[in-house]
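Thanks for coming, everyone. Please have the sequence and the model open as I talk. I'll go through it piece by piece.

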Amino acid sequence: MSVQEYLDKHLLSRRIEDAVNAAVRAKTSDPVLFISNHMRKAVPSVITKVKARQILDSRGIPTVEVDLHTNKGMFRASAPSGASSGMYEAIDLRDGEKGNYLGNGVNRAVKNINEKISVALVGMDPTLQSQIDQVMIDLDKTENKSELGANAILAVSIAACKAGAAEKEVPLHKHIADISGQTSLLLPVPVFTLISVGKHAGNNLAIQEIMILPVGSKTFEEALQMGSETYHHLKAVITEIYGAHGCNVGEDGSFAPNISSLRDGLDLVQKAIGRTGYNEKIKIAIGVAATEFCIGTKYDLDFKTSNESGQNFKSGQDMIDMYKELCADYPIVSIEDPFDKEDWEHVKSFSSLGLCQVVGDDLLMSNPKRIERAIQENACNALLLKVNQIGTVTEAIEVVKMAKDAQWGVVISQRSGETDDSFIADLSVGLATGQIKAGAPCRGERLAKYNQLLRIEEELGDQAVYIGEKWRN
């Protein structure tokens, strides 16, 4: 397109004349700046460039970062990544060269953005999120995004979402609410990870994590304070019992003491909560990740202890009985993945008891087909949404709608490999999910999310609504 054709297409001659007249009427002291700003608003923004690079995530493992440029500026996003990927989720594209980051490099994904996705998106309106995402899905042509890479597609999708908000001159969470049809903005209850066990820590417990939910706070700011204070009291409790070495931390900043049983960990957390004085205002959740220690139809709670593995097998019914006892003895309000991802029988049986929120993580993998089956079979009552498992902002919005239509809870979740991108904070507010799991209240990549929620609450002012005790609704 020639310069003259561009001027004609966008009626720029008339727009420039309008901008000059507006500057005269305004009697501005800086007409050049005034005209520039006037033109920026007058001319529709389009994507002009998409540039990707390889960066490192919080584990020191490569991931994808994208700079998406429009007439309004540059918008940056990066893709998180988990410790493992399942057969039902979108797939990160990695180089596989053992001599390059042990095979974890993402140069192929970066190349796909710079040479393929960029060409397809240049000229598109950044406010049209669903169209942008569909172009990338069509370009990829695979069900699990393995051709271009879910890490490539997601980073671009998030960057485009940020650009769309800037074009509309609204906050990111408001833009997300607009494109999803969500009418109310809600500050979520933070689900703080306090103790790491299972696959994410070096101790011997099979079950993955112990978390807290400050449901009794009145604001998100107060909830964050409760989480931080409990975290530091827990550090003191662990030090008293296990010594300073017991305060080693896992990948998301939570403590990894050498506890010998789940009840030991729950007792530590209960003691820390007691020291804060918040007591009934703070509830407990556990992440089981039972798929990690399921062998056939049995669950090996000693799978991390080589000399004892196989001696503590439990059946699905044994696990249900264990959860019933734990819910009776502790203020547990949520359990993630209490059974193997294919153990539909027992997860349905446990969910039917109504003891707590039953969250599907490996069970669902943010996959619409798995979610639909779980809804039809009443297999769980909450979705753990990991945006990289589904791969685009539009598809994330769609599965949240599915969960909400089924009267489920929704937990927006971190990954073990995070960056300083705070997108999921805005996503949780814009979609009014009610819960966000971003790790411990420490470490920069985790606090990036929690601190962004503080800013959003401050920005909303009197209009800010913290979901608090209504977190299940």
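Glu418 and Lys449 are both buried. This is a predicted model, by the way. The two residues form a salt bridge. Their closest N and O atoms are 2.8 Å apart. Now look at where each one sits. Glu418 is in the loop between strand 13 (409–413) and helix 15 (423–430). Lys449 is in helix 16.

The rule asks for a side-chain nitrogen of Lys or Arg within 4 Å of a carboxyl oxygen of Asp or Glu.

Let's take another one. Lys72 pairs with Glu167, with 3.0 Å between the closest N and O atoms.

Some salt bridges join up. Arg53, Glu65, Asp67 and Arg76 are linked in a network. Find those four on your screen.

Next, Arg443. Its place is the loop between strand 14 (434–439) and helix 16 (444–460). Arg443 forms a salt bridge with Glu445. The closest N and O atoms of that pair are 2.8 Å apart. Why does Glu445 count as buried? Its relative accessibility is 12%, and buried means under 20%. Arg443 is at 29%, so it counts as partly exposed.

Stay on Arg443 for its backbone. Its phi is near 75 degrees. That is a positive value in a residue other than glycine.

Where else can you look for a positive phi? Go to Tyr101, which has a phi of about 55 degrees. Tyr101 is not a glycine either. You'll find Tyr101 in the loop between strand 3 (73–78) and helix 4 (107–121). Its relative accessible area is 40%, so Tyr101 is partly exposed.

Now the helices. Two packed helices are described by the angle between their axes and the distance between the axes. Our example is helix 9 (residues 262–276) with helix 10 (residues 316–329). The angle is about 20 degrees, and the axes are 12 Å apart. What does that angle make them? Helix 9 is roughly parallel to helix 10, because angles under 35 degrees count that way. The crossing of helix 9 past helix 10 is right-handed.

Ala256 lies in the loop between helix 8 (220–242) and helix 9. With a relative accessible area of 17%, Ala256 is buried. Compare its position with that of Thr183. In sequence, Ala256 and Thr183 are 73 residues apart. In space, the C-alpha to C-alpha distance is 41 Å.

Last stop, the surface. Which residues make a nonpolar patch there? They are Ile16, Val20 and Val24. The patch covers about 240 Å². Ile16 lies in helix 2 (residues 12–26). At 40% relative accessibility, Ile16 counts as partly exposed.

Find both pairs on the model. That's all from me.

Terms used. Residues numbered from 1 in each chain as written. Predicted model: local features only at pLDDT ≥ 70, side-chain atom pairs only at ≥ 80, totals over all residues. Heavy atoms only, no water. Patch = residues over 30% accessible without salt bridge, like charges linked within 9 Å, V, L, I, M, F, W, Y side chains within 5 Å. Areas by Shrake-Rupley, 256 points an atom, 1.4 Å probe, with all protein chains shown as cover. Helix = DSSP H or I, 4+ residues; strand = E, 2+ residues; numbered from the N terminus. Buried < 20%, exposed > 50% of the residue type's maximum accessible area, 1.4 Å probe, protein only. Axes fitted to C-alpha atoms, helices over the stretch in contact; angles between N-to-C directions. Parallel < 35°, antiparallel > 145°, perpendicular 65-115°, else oblique. Left-handed = near helix turned anticlockwise from the far one by under 90°.
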